[in-house]
Amino acid sequence: MTSHATPVTPALVLPPAFEAFYALHYAPYLDYAQAHLSLAEATTCINTVFGTLISRWDTLVGSYNPTAEAWDHLSRQVRQSTPLLSMPGDRTLHYDVQQVLATLGYTAAITGRDPSKIRYLSRTSATHAPARTRWVARASA
């Protein structure tokens, strides 16, 4: 009879750059998701987002603008989870800048976009963006 030791689960060592990215972006990403989803749904959504980001981390950090790509992934994941948040893809950043991030108290730099683009978006009308009351009502549900 052989004795079997309980297998030890290997520790997962994450790249330090990912750990820093996670520490910097987790709270704003969760707040953004919670502006559209319940806490449980937002937490699940954010876990999925960060899981996807780490699974393709090498590709992400090798891209032209990793922060913008990560934000686009978050925004897309939240939109897929929120039926009330349907809009043309070219209007989502405009909506994020004017409606959500400003209300939550974040600068649009969290999106990874060029500051001149953010200034432009924050000063122009978002005629196709959903009304702010839609996501506020959803967040308090």
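H36 is buried, with a relative accessible area of 1%, where buried means under 20% relative accessible area, exposed over 50% and partly exposed in between, with a 1.4 Å probe and protein chains only. The model is predicted, so local features need pLDDT of at least 70 and side-chain atom pairs count only at pLDDT 80 or more, while totals for chains, interfaces and linings use all residues. Residues are numbered from 1 along each chain as its sequence is written, and side-chain values use heavy atoms, with hydrogens and water left out.

User: How far apart in space are H36 and S81, C-alpha to C-alpha?
Analyst: H36 belongs to the loop between α1 and α2, helices being DSSP runs of H or I with at least four residues, numbered from the N terminus. In sequence, H36 and S81 are 45 residues apart, whereas their C-alpha distance in space is 8.7 Å.

User: At which residue of α1 does the kink lie?
Analyst: The bend at a residue is the angle between axes fitted to the seven residues ending there and the seven starting there. In α1 the kink is about 45 degrees and comes shortly before the proline P28, at H25.

User: At roughly what angle do the axes of α1 and α2 cross?
Analyst: Axes are lines fitted to C-alpha atoms, for helices over the stretch in contact (heavy atoms within 4.5 Å), and angles run from 0 to 180 degrees between N-to-C directions. The axes of α1 and α2 (residues 39-55) come within 9 Å, and their crossing angle is roughly 150 degrees.

Definitions and conventions
Helix = DSSP H or I, 4+ residues; strand = E, 2+ residues; numbered from the N terminus.
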